[in-house]
Amino acid sequence: MRHIYVTALLFGLLIFQPVLSGIATNFVFLGVLTLTGWLLPASSRRVMIGVVALAILAVGIDICESTGSFHVSSVAALPGRLVVTAVIVCILLYCAGSILWALLKAEEVCMDVVVASVNFYLILGFIWAHIYSLLTEYSPGAFLAATSGEGLSLKFIYFSFVTMTTLGYGDVVPQTPMAQTLACVEAIIGQLYVPVVVAYLLSLHTGRKLESEKEDGEERLP
């Protein structure tokens, strides 16, 4: 049931994020991702302590930057928003790795495995969205019609899933070669993901079924 809870969290984050703004957006996002990491079966106590510490650090930086009480850029040559986005990407990569490990270790196809593959797809979309955000920090003109500030992450989440499904409305357009390359790679991954996962689950199910039939046949032999 853990993967089903993760699905509910990720879809909830995707649906309700438009009603959030400012500090609340990153706070809720980091909270949901931390809870997602804790729910995943591959989570270990030490790793989760690190994930929670990173989430608390990112929320603290975001609050300080928003209130103007402290600026990360005054200590390091990095804007606070860039640090927060990098932390979110790290947590997302950890969650994606945990789900991928669980999928590769699966011995049979069950509802939990199918739901885990859906979660992996959703997390991929969030990862690419924040990679686009990181790119925009270094190259502000990387995307055309991308808003700035509070609406930036929401706009890139929308653009990421539109690109991954190759829907392509064209309201957000990558302008630089790096942005165009990233969009192409995400579109290719999105198109290959479904057939590859279906083929993997089908082969896993078929192999398990053949193995079960072989064991039944051996038991019937005198």
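Visitor: Why is Leu10 called buried?

Guide: Happy to start there, bearing in mind that this is a predicted model. Leu10 has a relative accessible area of 1%. The label buried applies under 20%, so Leu10 qualifies.

Visitor: What does Leu10 touch, leaving out residues up to four places away in sequence?

Guide: Leu10, which lies in helix α1, touches Thr36, Asn119, Leu122, Ile123 and Phe126. Take Ile123: its C-alpha atom is separated from that of Leu10 by 7.9 Å, although the two residues are 113 residues apart along the chain.

Visitor: Why is Tyr5 called partly exposed?

Guide: Tyr5 is in helix α1 too, and its relative accessibility is 45%. Buried would need a value under 20% and exposed one over 50%; 45% falls in between, so Tyr5 counts as partly exposed.

Visitor: What makes Tyr5 part of a nonpolar patch?

Guide: A patch residue needs over 30% relative accessible area, and Tyr5 has 45%. Tyr5 forms the patch with Met1, Ile4, Met111 and Val114, and together they have about 500 Å² of accessible area. The elements giving two or more residues to the patch are α1 and α5.

Visitor: What makes α5 mostly covered?

Guide: Of its 28 residues, 21 are buried. For the protein, buried residues make up 39% of the 222 residues.

Visitor: Which residues have the most contacts inside the largest nonpolar core?

Guide: Those are Ile91, Ile123, Phe126, Tyr132 and Phe143, in a core of 52 residues. The elements that give two or more residues to this core are α1, α2, α3, α4, α5, α6 and α7. Helix α5 gives the most, with 13 residues. Nonpolar side chains tend to be buried together in soluble globular proteins.

Visitor: What does Ile91 touch, again without residues up to four places away in sequence?

Guide: Ile91 touches Leu30, Leu33, Val51 and Ala55.

Visitor: How many helices and strands does the protein have?

Guide: There are seven helices and two strands, and from the N terminus on they run α-α-α-α-α-β-α-β-α. Among contacts with a separation of 6 or more, 73% are between residues 24 or more positions apart.

Notes. Residues numbered from 1 in each chain as written. Predicted model: local features only at pLDDT ≥ 70, side-chain atom pairs only at ≥ 80, totals over all residues. Heavy atoms only, no water. Buried < 20%, exposed > 50% of the residue type's maximum accessible area, 1.4 Å probe, protein only. Helix = DSSP H or I, 4+ residues; strand = E, 2+ residues; numbered from the N terminus. Core = buried A, V, L, I, M, F, W, Y, C linked by side-chain atoms within 4.5 Å. Contact = heavy atoms within 4.5 Å. Patch = residues over 30% accessible without salt bridge, like charges linked within 9 Å, V, L, I, M, F, W, Y side chains within 5 Å. Areas by Shrake-Rupley, 256 points an atom, 1.4 Å probe, with all protein chains shown as cover. Salt bridge = Lys/Arg side-chain N within 4 Å of Asp/Glu carboxyl O.
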